[in-house]
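Follow the strand pairing through this model first, and then turn to the packing of its side chains.

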Amino acid sequence: MKKVKVLLIVNIIQIILLIASIIASIFILPNILSFGESSVPPTVVLGTELDSTNGFAQVTSYGAIPNDGKDDTSAFKKALKTNASLYIPVGTYDLNETLLIDSITLKGCGSTNTVIRSNADNVAISVKGNAIVEDITVEFVEKAISGEEKSGEKVAIEDAGLLSGSMIRGVGFKNFGTGFLSNSETKGAFCTTLEAITFSDFSYKAIEIKNGLSTVIRSATIGKGKSNKLTPVSLGGVATVETMNFSETECEYAFEMVNADSVIVRNISFTGTKATSKSLINCANSR
C-alpha cells in the first residue's frame with residue numbers, strides 16, 4: 001500500500017513539473033530571451049539598407065533594370081561599393097564594361113533565368129581572390145563576336161588571380177571568344193572548381209587553362225563552336241576532369257593537354273563529335 005502511495009505521489013509531482021514547464025515556455029521564457037524587444041530579427045530582404053546584415057546587395061535596388069536593353073554598369077558598380085556579394089534577380093542585364101569580382105559571390109537565379117550580356121571591350125567578368133560565380137549565363141552581344149577571336153579575346157570569365165575555394169558553378173557560357181580563361185604563366189586557377197557549366201557558340205575555346213594548380217572541372221558540357229578548326233578545351237599544369245561531355249561539336253581536337261604536369265580525366269564522352277585531325281584528344285608536350 002505504501003508503494004502505491006509513493007508511486008502516486010511521484011506521478012503527481014511529474015505532472016506538476018510538466019505543467020510548470022509548459023507555463024514557463026509560454027509566459028516566462030520569451031520575456032527572459034527578448035531583452036526588452038523581440039529576440040527574432042525581421043526578415044532581411046535582399047537589396048535594402050540591411051544589405052550588410054545578409055551579405056548580399058540586390059542590383060535592382062541600385063538602379064539595374066532587367067530586359068530594357070540599357071546599360072546597367074553604373075548600378076552594378078553602386079552595388080559593389082557596398083562590399084557585399086551581388087544578387088541578380090531574373091532577367092537580362094546589359095554591361096558595357098568589365099565586371100570586377102574580388103573575393104565575393106556573384107549569384108543569379110539560375111542560368112536559364114539570369115543573364116549578363118556584355119558589350120565590354122574584351123572581358124565580361126574578371127574574378128580574383130576567393131570568388132564565386134553561380135547560377136547565371138554570361139554572353140556577349142551578338143555583334144561583338146567576329147568569329148575570328150584568338151587567345152585572350154572576348155573572354156566571358158577571366159581568372160585574374162583566383163585563390164583556393166573559388167568556384168564557377170551553374171554558369172552558362174554563350175556567344176564568346178573564350179569561356180573561362182586562366183592564362184597565368186606562373187600559377188593559374190589555384191584550387192578552383194568549375195562545376196555544372198555549359199558552353200555554346202564560341203569562336204575560340206570553351207576552356208583555356210594554361211598553368212592551373214589543382215583545378216577541378218566537374219560536370220561540363222561543351223556544345224557547338226563557330227568553326228570546325230577549334231580545340232574547345234585546353235588544359236595545362238595540374239588539373240582533374242570529372243565528367244565532361246562534348247555534344248555535336250566539330251573541331252580539330254576536342255580536348256588537348258598543353259605542357260601539362262598532371263591531368264586526371266574521368267568520364268569523358270563524345271556525342272556526335274567530329275575531329276578534323278582524326279583524333280579527339282591531343283597530348284602536346286605533356287606528362
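In strand E13, Met-244 is the bridge partner of Ala-220. Strand E12 (residues 193-222) and strand E13 (residues 233-247) run parallel and pair over 12 bridges; two strands count as paired if DSSP finds at least two bridges between them. Strands (E, at least two residues) are DSSP runs, numbered from the N terminus. E13 also pairs in the parallel sense with strand E15 (residues 255-271), over 13 bridges. There, Phe-255 of E15 is the bridge partner of Val-233.

The model is predicted: local features need pLDDT of at least 70, side-chain atom pairs count only at pLDDT 80 or more, and totals for chains, interfaces and linings use all residues. Residues are numbered from 1 along each chain as its sequence is written, and side-chain values use heavy atoms, with hydrogens and water left out.

Met-244 is also among the residues with the most contacts inside the largest nonpolar core, which has 59 residues. Of these, 10 come from E12, the largest share. Such a core is a set of buried Ala, Val, Leu, Ile, Met, Phe, Trp, Tyr and Cys residues joined through side-chain atoms within 4.5 Å; buried means under 20% relative accessible area (1.4 Å probe, protein chains only). Ile-157 is another of the residues with the most contacts in this core. Not counting residues up to four places away in sequence, Ile-157 touches residues including Ile-125, Val-138, Phe-173 and Leu-181, where contact means heavy atoms within 4.5 Å.

Strand E3 (residues 91-95) is largely enclosed by the rest of the structure, because 5 of its 5 residues are buried. Gly-91, Tyr-93 and Leu-95 lie on one side, Thr-92 and Asp-94 on the other. E3 runs parallel to strand E6 (residues 114-118), joined by 5 bridges, and Thr-92 has Val-115 as its bridge partner in E6.

Note on methods
Buried < 20%, exposed > 50% of the residue type's maximum accessible area, 1.4 Å probe, protein only. Helix = DSSP H or I, 4+ residues; strand = E, 2+ residues; numbered from the N terminus.
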